[in-house]
Amino acid sequence: FFFFKQKTAYEISACLVGSEMCIRDRLYGVLKVAAVNCEEDSEVCEEFEIYETPKVKVYSANIRSDGFIYNGPFEYKQIASFGIAQMESFVQIVNQENIGNFFKQEEDKYHIILFTAK
């Protein structure tokens, strides 16, 4: 996520105050969050084709992609939910035939299995 803003969050909108910090802190290790002050770093905003603020632009892991503008409400829960929905699902359905391969993947990391009745 890139938050593009002018001046400070307090001068933009009360609902945006600290949104980028809140998302950064609560989703540490899940999403990368950056904030750009377009008044101070206009070259960065021009490079990312941001011509009005505030804006949130979302990129895949490939920052060279065009990305897309988030158009929802500027509130933590909505922005965070949107970001999480964009993430790749790493959940894998396992059964008797493939559970061995599941444990062989990334053997140096923990593996978690959710056992359900469905």
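**Notes on the model**

1. Let me start with burial: of the 118 residues in the protein chain, 25% are buried. Buried means under 20% relative accessible area, exposed over 50%, and partly exposed in between, with a 1.4 Å probe and protein chains only. This is a predicted model, in which local features need pLDDT of at least 70, side-chain atom pairs count only at pLDDT 80 or more, and totals for chains, interfaces and linings use all residues. Residues are numbered from 1 along each chain as its sequence is written, and side-chain values use heavy atoms, with hydrogens and water left out.

2. On confidence, the protein chain has an average pLDDT of 75, and 70% of the residues score at least 70. Here pLDDT is the predictor's confidence in each residue, from 0 to 100. Among the elements, the lowest mean, 37, belongs to helix 1 (residues 9–12), and the highest, 93, to helix 5 (residues 99–104). Please treat one stretch with care: over residues 7–17 pLDDT stays under 50, and the model has 14 contacts for them beyond four places in sequence. A contact means heavy atoms within 4.5 Å.

3. The protein chain has 5 helices and 4 strands, in the order β-α-α-β-α-β-β-α-α from the N terminus. Both kinds of element are DSSP runs numbered from the N terminus: helices are H or I with at least four residues, strands E with at least two. Of the contacts in the protein chain with a separation of 6 or more, 51% are between residues 24 or more positions apart.

4. Which residues make up the largest nonpolar core? Its 6 members are Val36, Cys38, Cys45, Phe48, Ile50 and Tyr59. A second, separate core has 5 residues, among them Val56, Tyr70, Phe74 and Ile79. A nonpolar core is a set of buried Ala, Val, Leu, Ile, Met, Phe, Trp, Tyr and Cys residues joined through side-chain atoms within 4.5 Å.

5. Helix 4 (residues 76–86) holds alanine 80, which counts as buried because its relative accessibility is 4%. Apart from neighbours within four places in sequence, glutamine 78 is in contact with Tyr70 and Pro73.

6. Some backbone geometry is worth a look. Most residues other than glycine have a negative phi, and most peptide bonds are trans. Threonine 53 and proline 54 are joined by a cis peptide bond, with omega about 0°; proline 54 sits in the loop between helix 3 (42–47) and strand 3 (55–58). Glutamate 49, in the loop between helix 3 and strand 3, has a positive phi of about 60° and is exposed, because its relative accessible area is 55%. Glutamate 106, in the segment after helix 5, has a positive phi of about 45°.

7. The largest pocket has a volume of about 760 Å³, and 20 residues line it. Phe90, Val91, Gln92, Phe102 and Ile112 lie nearest its centre. On a 1 Å grid over the protein atoms alone, a pocket is an open set of points where a 1.4 Å probe fits, with protein on both sides within 12 Å along at least five of seven lines, and lining residues have an atom within 4 Å of a point. Grid points are joined across faces, edges and corners, and the volume is the space filled by probe spheres set on the points.

8. The pocket lining divides into 11 nonpolar, 6 polar and 3 charged residues. Ala, Val, Leu, Ile, Met, Phe, Trp, Tyr, Cys and Pro count as nonpolar, Asp, Glu, Lys and Arg as charged, and the others, including Gly, as polar. Isoleucine 112 lies in the segment after helix 5 and counts as exposed, because its relative accessibility is 74%. Isoleucine 112 and valine 91 are 21 residues apart in sequence and 9.6 Å apart in space, C-alpha to C-alpha.
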